[in-house]
Amino acid sequence: MIPQPRNIVLTGGIVPENTKTRERLCPGLKEEEYRILVRPEEITLEGGTATGLFYARTTLEQLKLVYGEMLPCMELTDAPAYPYRSFHIDCARHFFSVEELKKMIRMSAEFKLNYFHWHLSDDQGWRIESRRYPRLHEIGSVRKGDHFGNYASEETEGGYYSRDKIREIIEFCSRYGVTVVPEIDMPGHVSAILAAYPELSCTGEQIEVGTRAGIYKEIFCAGKEAVFTFIEGILEELLELFPGKYFHIGGDEAPKERWKSCPYCQKRIEEEGLRNEQELQGYMESRIAAYLLEKGRTPIVWNEAVYGGNLDAGAAVQIWTEDRDNQIRAHLKKGGKAIVSIVPNSYCDYPYGMHSLKNIYELDTAPAELGEYADTSVLGMECLIWTEFIRDEERLEELSFPRFAASAEAGWCGKARPGYEDFKRRLKKLFPLFEKYGVRATPSYGWTPDGETAERQTREFQANFSQEDREEVKRAQENI
């Protein structure tokens, strides 16, 4: 089974797989905790909530797949090590249908991932219908071409989710114990927004929706009060749609080049007594975080947002890069929480020759660099699929699965994971699940490619980045 249950006690005897099954809610169990009792007279599924019962059903489904027509009598008890076990899909770079998302959600829920981090806005596209700011979906959802890596097309690309389709996804997720975490990245990665509302940038100049990967220098102006009015307006509208506890506000890869020469931003730095542009980002993220906290939501930011040292402690930080100057640890010391998604062990858009299934399985959910906060401040983990170089559903699925399953076991079991070889053995027995749910997962021969194959995959992936692209990204990173 995946994830491996915490405790299984065989009680002797076997029963047919079609033995009568009974379900019941048990208030004494925690929200995601469940039990399975396989007895000669019946199979009993118990859960603390509807989610716990769903997990019991998925585990029973896997038991039947493993044991076939006869099940061993047992008492199985299980609960997760971490409450936050997330999967991320980027729909800004390439748009995916509601039906494809449902397939990805259902497959992820089978392995007890419980949060869907939905990346809905970036330089290359805005993907939500907005009644308050309609130019966002009218202009920001469409780009004039596709120039990601070695792929080049001048065909117009676009797409956005209507409010009804958003609700449809949210309702679908709720059936399987999954909560949607929307992300609107800011203050960087906002070219699609600025294409619709250029007055929100420092220069006010008209730009277009991005057609290529990279780090764009045009970001929200932190000195214009109209920017905060806009952000609060769009958040108010989106909070009506998304009922979940968490809301991701980005904060990564925001070059400060424009802020350094912007009179509005420099005036804000002076008036607020800030030392530099990095603290200005902390100020901006904290204002947005405070708005969400007042609404009863928990904001999540990428780890660059803590580097000013002045981020609101109520924001959870998603760790994907290094802890610069121990600022992440300092944020946790103030009471902040963390979500672990280190690139080599979490990013599933890389080929398996760069981030193997074993790499994903061996994610350290309590990184040593977090010091004494590693065991107390980590909410959980996340596996991610970015889609700059993913244009079709088949590629999306084969890169995500079975790596999402490996990540799920890391989050569910934590340090108690049985080990990769044991996981791999169990995974092979459960592979028919992917066929059942129509997911085109990578077969076992592709999970850890041999040296020659890995080198070829690495060369092909790196060929997406020209020397000019690399230099441009390097210059942008120096201003982050």
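Let's start with a charge and a ring: the charged end of Arg212 sits over the ring of Tyr216, 5.5 Å from its centre. Keep in mind that this is a predicted model.

**Charges over rings**
- Besides the Arg212 and Tyr216 case, there's Arg135, which lies over the face of Tyr197 at 4.3 Å from the ring centre.

**Aromatic pairs**
- Rings pair up a lot here, with 32 aromatic pairs in the structure.
- One of them is Tyr84 with Tyr115, a stacked pair with 4.4 Å centre to centre and 15° between the planes.
- Tyr84 belongs to strand β6 (residues 84–90) and Tyr115 to strand β7 (residues 115–119), so this pair ties together parts that are 31 residues apart in sequence.
- Tyr84 is buried, with a relative accessible area of 1%, and Tyr115 is buried too, at 14%.
- Ring pairs also link up a cluster: Phe87, Phe95, Phe111, Phe116, Trp118, Tyr161, Phe401, Phe404, Phe431, Phe434 and Trp447.

**Two helices side by side**
- The crossing of α6 and α9 is right-handed.
- On the α6 side, the contact uses Glu225, Val227, Phe228, Ile231, Glu232, Leu235, Glu236 and Leu239; on the α9 side, they meet Tyr283, Met284, Arg287, Ile288, Tyr291 and Leu292.
- Sort the residues of this α6 with α9 contact by type and you get ten nonpolar, four charged and no polar.

Notes: Residues are numbered from 1 along each chain as its sequence is written. This is a predicted model: local features need pLDDT of at least 70, side-chain atom pairs count only at pLDDT 80 or more; totals for chains, interfaces and linings use all residues. Side-chain values use heavy atoms; hydrogens and water are left out. A crossing is left-handed if the near helix is turned anticlockwise from the far one by less than a right angle, and right-handed if clockwise. Helices (H or I, at least four residues) and strands (E, at least two) are DSSP runs, numbered from the N terminus. Contact means heavy atoms within 4.5 Å. Ala, Val, Leu, Ile, Met, Phe, Trp, Tyr, Cys and Pro count as nonpolar, Asp, Glu, Lys and Arg as charged, and the others, Gly among them, as polar. Rings of Phe, Tyr and Trp (its six-membered ring) pair if their centres lie within 6.5 Å; planes under 30 degrees apart count as stacked, over 60 as edge-to-face and the rest as tilted. Buried means under 20% relative accessible area, exposed over 50%, partly exposed in between (1.4 Å probe, protein chains only). A charge sits over a ring if NZ of Lys or CZ of Arg is within 6 Å of the ring centre and within 35 degrees of the ring normal.
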